Each structure stands twice: as structure tokens, then as C-alpha cells.
Amino acid sequence: MPLFRSLRPAQWSKNVFVLAPATFAGSLLDRGTVEASAIAFVAFCAAASAVYLFNDLRDREQDRRHPRKRLRPVASGAVGTVPAAATGVVLAVAALTAALTLNRETAILVGLYLLANLLYSLWLKEIVIVDVMVLASGYVIRVLVGATAVGVTVSAWLLLCTVFLSLFLGFSKRRHELVLLPDDAGEQRAVLDHYSPTFLDQMMNVVTASTLLSYALYTTADETVMRFGDYGLVWTVPFVLFGIFRYLYLIHKADNPKQRNPTELLLYDVPFLVNVGLYALAVFLIVYLPGPAQ
């Protein structure tokens, strides 16, 4: 169904960041926490889809000149502007309403996400570096929403890890766009005229190292060791290493890298998905099974 495709359900995978606070707080086995996390997840799916619809409406003329974006339902004409706009408004209201059923703080954060993306679409996406930082803020807000929804505190190191990881994903997205349209990238997105593959690779190197370091420090931080009873979480670092390295491999070396954006690449890559499964299993065993000091 074209209207459903315009919601970009494949992108909902990004909203697993909402579940991170409850997961690492060791409270995902609590029924109330699961229900609150599920509502927050669904609310963010609705908010994200509302943002995608607004972007598609605003950029539909540019998208029609893009080799892949021209196939999007709004750009191709499969979904009319009125149904797309109406659906976007309904989803935004639904997201805020669902968040408000949890608490006011969660609703404010979802509203902030919608506002930030509105400003991004109208203005901020034209400002070099700021554009990626706004994209990264969406992931940070996801984590904060997950925390406020279930009433837990997020570790500063885990929050920093989210910041650097989201910047890594943002710069990767810009690199993909630049490589896909080397000659007329600026016509599709003006800010791309200010980027180059070399510059983006340098930025990715910086945030990759920062991501790995902040996660490693989180696993060995005193508060983490006190919470879980030992240094067990440090054994998940190799999975994070492999995940980032595999992602870098996919965007640099994989066959036909232009066929899918970086996020979609991950959803079709078996080694990456197996690694995610093993990471999730390791986290569950370490966080939810009693340790020696517990």
C-alpha cells in the first residue's frame, strides 16, 4: 500500500534506541516497564513517520530528480499531497497523545523531536555540520524518551555513546548521498556542496573512535559495575566493535552500495544481524542473570 510505504516502516528500527534505558536498567522483565516502553516506541514510530511525510511533501520536486527518491509514493504521485498531509498531522497528534499518557516529560520530548525536525526541514538542513547534529539529536531524544517513559536515569557515558554513534550514522548518511550523486549532489541537497568524501571520512573516524571509547568506559564505569555486580558488560565491547566495523565495510566495500541507504543495508546484511542478535543475548545474560555480587 503506497500510503503505508510512505511511512517508511523500515526506518522504525531506529526507534530501538527508546528501549536502551530500560534494557540497561535491568527492568525490561517488569510488566509495567514493558508496557511503558512499548507505548514510547509506538509513539516515536508515529512521530518519525509524521516527519518523513512532511519531508516528502516539502522535497517532492527535488525527489523526482533523484534516482531512488523519485520512487517514493509522494514523489511518484502514488500518494496525493492532501492524504499525505492529513496522515502526517494525525500521526503527529497521535504521537503526542500517546506520549502524554505516559507523562508530561515524555510528551515534551516527543514535541521537541517534532519541532527540531520541522526546523531541520525548513532551514537547518542547509547549514553544514549543524544538519548532521540535528539528525543526531533525534537519537539522543529517543534515549531520553525511553528513560522518562519508564522513570530511569541514563548513564552519562551511555548518553555520550548515543551522541557519537548518532553522529557517525549522520555523517555516513551524508557520505552515501554524496557518493550516489557525485556530479549533482548539491542540486538534491544544497548542503552537500559543502561536504566531500574525504572530509566525511575524517569526521566518521573521529566519531567512530569516540563511540567505541565512550561505550568501553560505560561498561567499566563504577556505576555500571555496582549495578551489575562485576565487569561482565565489558564482554559486549567486541560485538560493538564488529557492528561498527561491519557497517563501515558495507558503506565502503559492499557490492552495489548505491542501491540502498546505510540503514537499509544493515537490515539485509546477515553477519550484522547475527552480531546484533549475539549482542542482545550477551546483554540479557549479563544484565538479567544474577552475577556473583548479586
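Modeller: Buried means under 20% relative accessible area, exposed over 50%, and partly exposed in between, with a 1.4 Å probe and protein chains only. A helix is a DSSP run of H or I, at least four residues long, numbered from the N terminus. This is a predicted model: local features need pLDDT of at least 70, side-chain atom pairs count only at pLDDT 80 or more, and totals for chains, interfaces and linings use all residues. Residues are numbered from 1 along each chain as its sequence is written, and side-chain values use heavy atoms, leaving out hydrogens and water.

Biologist: Which elements do the buried residues of α11 pack against?

Modeller: Start with the buried residues of α11, among them L200, M204, V207, Y215 and Y218. Contact means heavy atoms within 4.5 Å. The partners of these buried residues are α2 (20-24), α9 (156-180), α12 (222-228), α13 (237-253) and α15 (270-288).

Biologist: How far apart are the end C-alpha atoms of helix α11?

Modeller: The expected span of a helix is 1.5 Å times one less than its number of residues. Helix α11 (residues 197-220) has 24 residues, so it should span 34 Å. The model agrees, with its end C-alpha atoms apart by 35 Å.

Biologist: Which residue has its backbone nitrogen approached by a side-chain oxygen of D30 at the start of α3?

Modeller: Helix α3 has 28 residues and reaches 41 Å, close to the 40 Å expected. A polar contact is a pair of N or O atoms within 3.5 Å; within protein, one must be able to donate a hydrogen and the other to accept it, and residues adjacent in sequence count only if both atoms are side-chain atoms. At the start of α3, the D30 oxygen comes within 3.2 Å of the backbone nitrogen of G32.

Biologist: Is V51 buried or exposed?

Modeller: V51 sits in helix α3. Leaving aside neighbours within four places in sequence, V51 contacts Y113, L114 and N117. Its C-alpha is 10.0 Å from that of A116, 65 residues away along the chain. At a relative accessible area of 8%, V51 is buried.

Biologist: What volume has the second largest pocket?

Modeller: On a 1 Å grid over the protein atoms alone, a pocket is an open set of points with protein on both sides within 12 Å along at least five of seven lines; a cavity is a set where a 1.4 Å probe fits but cannot get out; lining residues have an atom within 4 Å of a point. This pocket has 13 lining residues, with A50, V51, F54, G88 and A92 nearest its centre. Helices α3 (31-58), α6 (81-102) and α7 (104-122) each give two or more of the lining residues. A volume is the space filled by probe spheres set on grid points joined across faces, edges and corners, and here it is about 250 Å³.

Biologist: How many charged residues line the largest cavity?

Modeller: The search finds one cavity of 30 Å³ or more, and the largest holds about 50 Å³. Its lining includes P21, F24, Y218 and R227. Asp, Glu, Lys and Arg count as charged; Ala, Val, Leu, Ile, Met, Phe, Trp, Tyr, Cys and Pro as nonpolar; the others, Gly among them, as polar. The lining divides into seven nonpolar, two polar and, for charged, one.

Biologist: Which side chain makes a polar contact with the side chain of E177?

Modeller: E177 lies in helix α9. It is buried, because its relative accessible area is 9%. At 3.0 Å, its side-chain partner is R174.
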